[in-house]
Amino acid sequence: MSDIVVFGAGGTAGSRITAEAVSRGHRVTAAVRRPEATSYLPAGVRVVTGDATSGRSVRELAPEADAMVVAVGGGDRSLWREAAETLVTVLRDQPNPPRIIHVGGGATLLTPKGTPYLEEPDFPAEYRDAALGQADALALYRASADGVTWTYLSPPPLEFHPGERTGHYRTGTDQPVTDEQGRSVLSYEDLAVAVVDEIERPRFENMRFTAAY
């Protein structure tokens with residue numbers, strides 16, 4: 001059993017990660033900006049006001065955590081880098097820092113040409129700001145995360161939606177995992193499975209990985 005803090009536990013990814021972790025018997029703290037709006041989270045979850053970009057929030061929650069999951073969204077480009085920077089800065093000063101599991105963007109994965117999907121000419125403009133923010137966060141982890149243990153999980157770049165929990169997926173590193181038709185697909189529910197699997201059985205410490213069917 002692990003003590004897991006989920007920043008953004010009220011969101012599409014965070015709520016599913018929270019439910020998956022609770023279902024496996026972990027102790028979960030849901031760190032959200034509006035605790036009153038999280039009545040749909042499973043029983044037994046401790047709900048607190050928290051913000052991954054707040055050094056105070058991270059500092060208060062870190063001593064009781066084995067892992068801190070970053071599943072935040074809904075902000076401008078700076079949000080994801082600020083969250084990553086805050087966790088790295090605060091946790092590297094902790095005597096026994098929890099792991100960071102950052103749910104990142106699929107657009108940072110590489111095309112067969114070796115360039116990020118977010119640089120493709122037809123990449124949707126409405127997602128560019130978030131994609132750039134997630135790219136900033138990944139770059140920060142890779143360059144500045146001495147003293148902490150982190151993992152950055154990228155979902156598929158396009159076909160990633162709420163759906164069914166199968167409990168099955170395949171993993172890769174910097175390029176999407178594709179099926180026989182060349183598609184890279186994953187549900188939010190199985191992303192949650194991948195996150196909790198990585199907490200329970202670490203395989204991708206201090207690196208990025210991706211998952212799909």
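This is a predicted model: local features need pLDDT of at least 70, side-chain atom pairs count only at pLDDT 80 or more; totals for chains, interfaces and linings use all residues.

Q: Where is R208 found, in terms of strands?
A: R208 belongs to strand β10, which covers residues 207-212.

Q: Is R208 buried or exposed?
A: R208 counts as buried because its relative accessibility is 4%, and the cut-off for buried is under 20%.

Q: What is R208 in contact with, leaving aside its neighbours within four places in sequence?
A: The list includes G105, L109, L138, R142 and W150, as well as Y152, S154 and T173. T108 and D174 are also among them.

Q: Which residues of α1 are buried?
A: A13, G14, S15, I17, T18, E20 and A21 are buried.

Q: What do the buried residues of α1 pack against?
A: They pack against the strands β1 (3-7), β2 (27-32), β4 (67-70) and β5 (99-103), and against helix α5 (188-200).

Q: And what follows α1?
A: G25 follows α1, and the phi of G25 is positive, near 90 degrees.

Q: On to the rings. How many aromatic pairs does the structure hold?
A: The structure holds four aromatic pairs. One of them is formed by Y141 and Y152, edge-to-face, with 6.4 Å centre to centre and 70 degrees between the planes. This pair links distant parts of the chain, 11 residues apart: Y141 is in helix α4 (residues 128-144) and Y152 in strand β6 (residues 150-154).

Q: Are Y141 and Y152 buried or exposed?
A: Y141 counts as buried at 1% relative accessibility, and Y152 counts as buried at 0%.

Q: What about F160 and Y188?
A: That pair is stacked, because the ring centres are 4.0 Å apart and the planes lie at 25 degrees. F160 lies in strand β7 (residues 159-161) and Y188 in helix α5, so the pair ties together parts 28 residues apart in sequence. F160 is buried at a relative accessible area of 15%, and Y188 counts as buried at 17% relative accessibility.

Q: Which residues do ring pairs link into a cluster?
A: Y141, W150 and Y152 are linked in that way.

Definitions and conventions:
Residues are numbered from 1 along each chain as its sequence is written. Side-chain values use heavy atoms; hydrogens and water are left out. Helices (H or I, at least four residues) and strands (E, at least two) are DSSP runs, numbered from the N terminus. Buried means under 20% relative accessible area, exposed over 50%, partly exposed in between (1.4 Å probe, protein chains only). Contact means heavy atoms within 4.5 Å. Rings of Phe, Tyr and Trp (its six-membered ring) pair if their centres lie within 6.5 Å; planes under 30 degrees apart count as stacked, over 60 as edge-to-face and the rest as tilted.
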